[in-house]
Amino acid sequence: MSEQSDPVAPVFHAQWGRLVAGLIGWCGDFDLAEEGAADAFEAAVVAWRRDGPPERPLAWLTTVARNRVRDRLRRRTTELAKLAILEATPTDEVAGPDGFPDERLRLIFTCCHPALPMPARVALTLRTLCGLTSAEIGRAFLVTGPTMEKRLVRARAKVRDGRIPYRVPPPQLLPERLNGVLAVLYLMFNEGYAASSGDSLVRTDITAEAVRLARLLHRLLPDDEVTGLLALMLLTDARRAARMRDGEVVRLAEQDRTRWDRAQITEGATLLAGLDGRPVGAYQAQARIALEHDSAATPEATDWAGVAALYGLLPATPVTQLNQAVAISMVDGPAAALAHIEPLTDSLSGYHLYPATRADFLARLGRVQEAITALDQAIALAPTGPERRLLVRRRGELRNGPQ
Amino acid sequence: MKFMLMYLADQVGDPCPVDQEPLRSWLEEMDTRGVLLDGGPLRGPETSTTVRNQDGTVTVLDGPFAETKEQIAGFDLIEARDLDEAIAVAGAHPAGDVEVRPLAPGMPTPASSEQKPGTQRYLMFVCWDQTGEGEIRETRATDADDPINGWIEEAGPRRLHGWQLQPPSLARTVRNVDGTVTVTDGPFAETKEQIGGYDMLECADLDEAIGIAARHGAPVLDLRPIPAG
């Protein structure tokens, strides 16, 4: 049976998270909910291929999953009390727009709880909300499937034993906790997008899941920074097709701008337009920087002064200041930019883009030998093959004199 | 005098690797003698959550306050005549390795209480930096002007009991290797931050416990879930 005619796969992709979220809300147990969901999809593979998909797949899956959870509980004699609770639980669920409850918002806040280690938050979110297997998540983060499974088991144990609540945090906690959720989604997106290491195909999937989750969050919880993050993801991801060429990273200035995804840029721009006049949060500022780049027909046409000013709105971390220096170099020249990054030498000593950016400024000032030395440092620090190849090529160009 | 016994276990392995039979007879004996006030096993250190409060900025972190090889796997609050009796009680416990810490004077005997349904109990370790010069915020209320009274009032019934421990310099660590009991001076681990007090909390969930911990005022608060029953 071909991928297209498989009635279960698209439903799995679209509904896994909602099914699991609803089941956790009902039985209060991550493990049981996931086992029940997996059982239900297993049953669907047989039944739907035989009889065709049901009219309301999510309702069908929920009914089957609940029955399977009850069966599993019946087999565990020690959990009779729990069973009684299950039988008695009234349905106090809030229905979604399609008449079915959507509890994914609760689930996302629980998966991204600050009492969980960051890698576990990412893994738990990808597993429970996106339905990725531990082997798939492991491949993306360069650990084996069993190692990732152990990480997930520990995370679920902490949720259960530490009693991490399954809820959307109350208003006084919401801003802080929402920041935590956004940080997880942005990390997930960057892991996929920057491809700092690992299997590139799986990483593209992770990026897509991060965008999907940001869209979901944007729909369920309207908030300026959620909008900002979604716009940032769309406006960054719009350049994906132009970002790599022959296994080498292509710098923004050298990218083929006709290959940028115009529809995604328009969507990101529309989201940002909706934020006009609102306070500019960190994600919104970064999204506006991405939009400045995305809207310029050529690198020279970029509003560099505007970009530099937007960087000024971000927290002054070393990486932010390094990025700001690139904009400064276009407005005030490479000498000013070089002075801007001089104080960052120590804090960015392990980051390949520091000597790489410095080399660029030095080369533009005609200090070629120093630029080559800086590129040597950058090449030694580069984390991936594609980035290293780009740096090696630039060093070759400098050695061979002006093009 | 009251003492806190903290049972130690290597971080790898079972949370409380104690043979059930010797533990039962120890519990029976100590119960008969009226030694035990409160206690039991704790969930493993990976279920711990640490709340750090630096000049009013609160951060919630995964894991225990110190990443030591040995971790506290269980505890008992006991009433003993003196340190020698406390050490004897600890030495007879089948867990093997125990830190014995006297509690600051004046602690009222905690009332035992049934756990309310739908709640989770946490043992909260109140810790501070041993090397710092910051004032120790005590979890006790012998002085009416102590700002901790406001916190205790706020925590209300969610705080069952709690008190300040005597400093780590007064701790003894009892180790039982194949029946030979040795006692050394000092806490079980020479960490920068040390346990200075405890509170027993009974909360609806971890967020409620974090909220209470965040308002305590001490720089480091480590919340350890206690298994029900």
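Let's start with two helices of chain A. Helix α1 covers residues 8-27 and helix α2 covers residues 30-51. Their axes come within 9 Å and cross at roughly 145°. Axes here are lines fitted to C-alpha atoms, for helices over the stretch in contact, and angles run from 0 to 180 degrees between N-to-C directions. Helices (H or I, at least four residues) and strands (E, at least two) are DSSP runs, numbered from the N terminus.

A word on the source. This is a predicted model, in which local features need pLDDT of at least 70, side-chain atom pairs count only at pLDDT 80 or more, and totals for chains, interfaces and linings use all residues. Residues are numbered from 1 along each chain as its sequence is written, chains are lettered from A and ligands numbered from 1 in the order in which they are written, and side-chain values use heavy atoms, with hydrogens and water left out.

Back to the helix pair. Why quote an angle and a distance? Because two packed helices are described by the angle between their axes and the distance between the axes. The crossing of α1(A) and α2(A) is right-handed. A crossing is left-handed if the near helix is turned anticlockwise from the far one by less than a right angle, and right-handed if clockwise.

Which residues of α1(A) and α2(A) meet? From α1(A), they include V8(A), F12(A), W16(A), L19(A) and C27(A). From α2(A), they include F30(A), E34(A), G36(A), F41(A) and W48(A). Contact means heavy atoms within 4.5 Å. The residues of this contact divide into 18 nonpolar, one polar and one charged. For those classes, Ala, Val, Leu, Ile, Met, Phe, Trp, Tyr, Cys and Pro count as nonpolar, Asp, Glu, Lys and Arg as charged, and the others, Gly among them, as polar.

Now the aromatic rings. Rings of Phe, Tyr and Trp (its six-membered ring) pair if their centres lie within 6.5 Å; planes under 30 degrees apart count as stacked, over 60 as edge-to-face and the rest as tilted. By this rule there are seven aromatic pairs over all chains. Take F12(A) and W16(A): the ring centres are 5.2 Å apart and the planes sit at 40°, so the pair is tilted. The two residues are four apart in helix α1 of chain A, which means about one helical turn between them.

Are they buried or exposed? Buried means under 20% relative accessible area, exposed over 50%, partly exposed in between (1.4 Å probe, protein chains only). F12(A) is partly exposed at 26%. W16(A) is buried at 2%.

Next pair: Y186(A) and Y283(A). This one is edge-to-face, 5.5 Å centre to centre, with 85° between the planes. Y186(A) lies in helix α9 (residues 174-194) and Y283(A) in helix α14 (residues 282-295), both of chain A, so the pair ties together parts 97 residues apart in sequence. Both tyrosines, Y186(A) and Y283(A), are buried.

E248(A) lies in strand β2 (residues 248-249) of chain A. E248(A) counts as buried, at 15% relative accessibility. Leaving out residues up to four places away in sequence, E248(A) touches R243(A), P386(A), R389(A), L390(A) and R393(A). From E248(A) to L391(A) is 143 residues in sequence, but 9.4 Å in space, C-alpha to C-alpha.

Where is R239(A)? In the loop between α11 (224-237) and α12 (240-243) of chain A. R239(A) is buried, with a relative accessible area of 10%. Beyond four places in sequence, its contacts include Y193(A), W260(A), H293(A) and D294(A).

Now the backbone. Most residues other than glycine have a negative phi. R163(A) has a positive phi, near 55°. R163(A) sits in the loop between α8 (145-161) and α9 of chain A, and is partly exposed at 27%. D55(B) also has a positive phi, about 50°. D55(B) is in the loop between β3 (49-54) and β4 (57-62) of chain B, and is exposed at 79%.

Chain A has 20 helices and two strands. Of its 403 residues, 50% count as buried. Chain B has four helices and 12 strands. Of its 229 residues, 51% are buried.
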